[in-house]
Amino acid sequence: MSSLTNCTDFIANVLRPNNLNSATLSTSLPFPASFNPNSFVRTPLTTSLSMDAAVSSRVRASSTIGAPNNKLEASSTGAVGANDLFIVGPGVLGRIIAEKWREEHPSSQIYGQTLTSNHHEELKKMGITPSLKETKVTHKFPYVIFCAPPSRNVDYPGEVREATLNWNGEGCFLFTSSSAPYDCNDNGYCDEDTPAVPIGRSPRTDNLLKSEKVVLEAGGCVVRIAGLYISFQVLPRVESAHIFKVMDAASLSIAILKKNLRGRIFLGCDNHPLSRQEVMELVNRSGKYGKKFDAFTGTSDPLGKKLNNSKTRAELGWEPKYPSFAQFLETL
């Protein structure tokens with residue numbers, strides 16, 4: 001496969017017809033015996049950005065592509081711009097955020113901190129100045145977003161705390177969390193005001209709650225995004241749905257960053273909760289995929305939650321690109 005120069009090339013590659021035809025769940029997928037298809041998929045953000053738009057936009061190269069690995073300069077002039085953005089964990093979500101941020105702030109410098117240098121060349125081609133975690137950052141930035149998943153971090157709250165030190169207190173610091181901390185399951189209804197689970201219930205929620213606490217104490221904001229880090233585990237073959245879901249997560253994150261808010265928690269979802277079973281039934285009925293999903297292998301997993309983020313939408317003036325997963329499927 002040829003090299004990809006930006007995240008829209010990546011998305012277009014994922015969504016090309018051959019990939020769409022194979023992007024379905026088969027009966028041989030290794031779901032655990034306890035998996036419950038009636039569990040709600042934490043109302044994932046379903047869609048955003050049409051394929052035409054995905055392949056039409058492009059990222060301009062940054063003037064600081066050649067920054068050395070052992071020292072990250074703020075820009076070619078050594079100055080920090082008012083809209084410069086520092087991304088901790090520039091994976092799929094981080095790259096889409098970078099591209100959308102560049103569209104709104106063409107003169108901004110965008111930086112990405114990674115654990116390894118494996119994808120630094122890709123980041124450079126997208127106009128993101130990469131650096132390793134151990135790189136000395138010589139300046140602080142007005143906009144910082146932490147979107148690295150907890151799976152690769154031994155001390156996740158500690159990593160988040162270190163990231164807050166790269167923020168200069170202007171603009172906004174944003175931490176992308178999960179809907180897991182909401183104390184609601186068994187297909188119950190949940191919104192921004194639903195209490196969080198107590199510390200000690202599970203290592204997963206402890207990790208997120210402690211990280212959120214670090215961010216809020218530093219004056220930053222949190223966005224709890226439904227289904228973002230579990231999507232490939234739950235629906236590992238529906239790549240297109242995941243990509244479009246992340247598009248909405250990116251647009252919501254940018255909406256929060258632009259408000260320059262302090263100490264707030266927001267929620268990202270599409271307000272049309274579906275169980276995993278319902279998701280796959282919609283996929284089958286859509287006729288957009290070459291294979292058909294037959295059945296899940298288990299039904300005893302804990303049920304999820306039905307999320308509603310009307311308050312987030314009202315305050316930020318944000319809406320997902322498509323109102324529901326069903327409407328997204330109609331666009332394929």
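**View 1. Pairing of strands β2 and β6 in the predicted model.** Strand β2 (residues 85-88) and strand β6 (residues 141-146) run parallel and are joined by 4 bridges. Helices (H or I, at least four residues) and strands (E, at least two) are DSSP runs, numbered from the N terminus; two strands pair if DSSP finds at least two bridges between them. Val88 has Phe146 of β6 as its bridge partner. This is a predicted model, in which local features need pLDDT of at least 70 and side-chain atom pairs count only at pLDDT 80 or more, while totals for chains, interfaces and linings use all residues. Residues are numbered from 1 along each chain as its sequence is written, and side-chain values use heavy atoms, with hydrogens and water left out.

View 2. Seven strands pair in parallel in the order β4-β3-β2-β6-β7-β9-β10. Because β4 (128-132) and β10 (265-268) stand at the edges with a single partner strand each, one side of each lacks a neighbour in the sheet. From one strand to the next, the twist averages 20 degrees.

**View 3. Helices on the sheet.** Helix α4 (residues 92-104) lies across β2, β3 (110-114), β4, β6 and β7 (167-178), at about 170 degrees to β2. Axes are lines fitted to C-alpha atoms, for helices over the stretch in contact (heavy atoms within 4.5 Å); angles run from 0 to 180 degrees between N-to-C directions. Helix α6 (residues 156-164) touches β2, β6 and β7, and its direction makes about 155 degrees with that of β7.

**View 4. Confidence along the chain.** The protein chain has a mean pLDDT (the predictor's confidence in each residue, from 0 to 100) of 76, and 70% of its residues reach 70 or more. Residues 1-69 have pLDDT below 50.
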